[in-house]
Amino acid sequence: MNLIQKRWLLFFQAYPKDALYFMAASFVNATGKAILWPLTTLYVHEVLGRSYGQAGLVLLYQALAGILGEIVGGALYHKLGPKKLIVSSMVLTASLLGSVVFVHDYWVFVIIVSVNGFMNGIAIPSINAYVGFRWKEHRRKLYNAIYVGNNTGLAIGAAVGGAIASISFPLTYTVTSVSTLAFGVFLFFFMKTSPDDSVSATKTAGSLGENQSAYQHIVNFRIYLFLGLGALFYYIAFTLWSNGIAPYLTEQGYPLTMYSLLWTINGIVIFAGQPVTGLIKSTIAKSLVAQIVMSSLCYSLGLGFIMLFHHSYLFLVVGMIVCTIGEMLLLPAIPTFYSERTGRAAPFFMGLSGGFGNVGRMTGPTLYGNLYDHWGIVPVLLAGTCASVVSLVFFLMHAALHKEKKSKVSSSVATY
């Protein structure tokens, strides 16, 4: 048995079988959604005959609805139950996406896409909370493994989406609708009625009271505010790739495939770079809060490097690799932090934090678009680097408020 086979065998043995089924279904769902997401702008322009500016407004409405959906999803998790909340959102999303095939009016499309963004927003914190409650003994590794699997699905789906769109734009919505519906049906039969039936076991010394109201959670800003603000500025920095690097490469005469190659490298690093992040987690960033700080430090270094050496494509690749390591440290750590520190309130705080992140996703494109139009790539790179540094400051403030004891630090390193 070679090294790769041994590694996969250890991976399958490390988790309960039902967790593996969930990861596989999540991978299929992520792949299906990725078929669609890069094509919305082109669909509005090519099929509905609207300008790229109007296409940008569609994405803005979708993002705004997503922010509201994440907050609502987190708040309703315990009131409606995860099964009703997640399955119904998936079924409604599938129906909406399927209906796009029959829609030829711009404003009807805007409404459908916005409601779809809202339903997706509801599902995100609910699914993360469900994983944390159901497999609490494995959640650190599971959040990381699901993140890796979903990003692999995104890479595959984005590539497949272009091929499907070349045949038919409406077909992309049909395929995504079917994959989303399949995920919803799987969850309907798979999910237990009470995945958080042992909420007391999820509590730690820093957990919140389970009977606190939403208002009491919001007032307790130490838990979420600095982490949320850090995520907001992180995502402002993150959107630089699509709204700064992409037009810069085109302007320099590079084909679009060279921009796509950067995201291919991103996917390869996420999949193959787990030993690197595992080493970081086991040495210099043993606690969750340290991993979050290190993630922003990596992103700041990566974008700072690109700002200084962006004239060479090779250096853009180096910057992407460093930034991807930062991404790998951050994204699984946020839901893990809330699962371990906030107990029953985890869905609410995951939704709230996700709302902060979506504000960053909305802000970045407008900021970079205006900077690039007026002054070119250097101010864009400077703004992205500054956003990363600001996120680092907020993450440091968060870390100062949530230092982990040595007994907590000894938790298993989240690699796969």
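Reply: In this predicted model, the axes of helix α15 (residues 288-309) and helix α19 (residues 377-401) come within 9 Å and cross at roughly 165 degrees. Because angles over 145 degrees count as roughly antiparallel, α15 and α19 are roughly antiparallel to each other, and their crossing is left-handed. On the α15 side, the residues that make this contact include Val289, Ile292, Val293, Ser296, Tyr299, Ser300, Leu303, Gly304 and Met307, while α19 contributes, among others, Leu381, Gly384, Thr385, Ser388, Leu392, Phe395, His398 and Ala399. Sorted by class, the contact of α15 with α19 comprises 15 nonpolar and 9 polar residues, with no charged residues.

Helix α15 also meets helix α17 (residues 333-342), and here the two axes come within 10 Å and cross at roughly 155 degrees, which makes α15 roughly antiparallel to α17 as well. The crossing of α15 with α17 is left-handed, and the contact is formed by Leu288, Val289, Gln291 and Ile292 of α15 together with Ala333, Thr336, Phe337 and Glu340 of α17. By class, the contact of α15 with α17 has 5 nonpolar residues, 2 polar and 1 charged.

How values were computed:
Residues are numbered from 1 along each chain as its sequence is written. This is a predicted model: local features need pLDDT of at least 70, side-chain atom pairs count only at pLDDT 80 or more; totals for chains, interfaces and linings use all residues. Side-chain values use heavy atoms; hydrogens and water are left out. Axes are lines fitted to C-alpha atoms, for helices over the stretch in contact, and angles run from 0 to 180 degrees between N-to-C directions. Helices (H or I, at least four residues) and strands (E, at least two) are DSSP runs, numbered from the N terminus. Angles under 35 degrees count as roughly parallel, over 145 as roughly antiparallel, 65 to 115 as roughly perpendicular and the rest as oblique. A crossing is left-handed if the near helix is turned anticlockwise from the far one by less than a right angle, and right-handed if clockwise. Contact means heavy atoms within 4.5 Å. Ala, Val, Leu, Ile, Met, Phe, Trp, Tyr, Cys and Pro count as nonpolar, Asp, Glu, Lys and Arg as charged, and the others, Gly among them, as polar.
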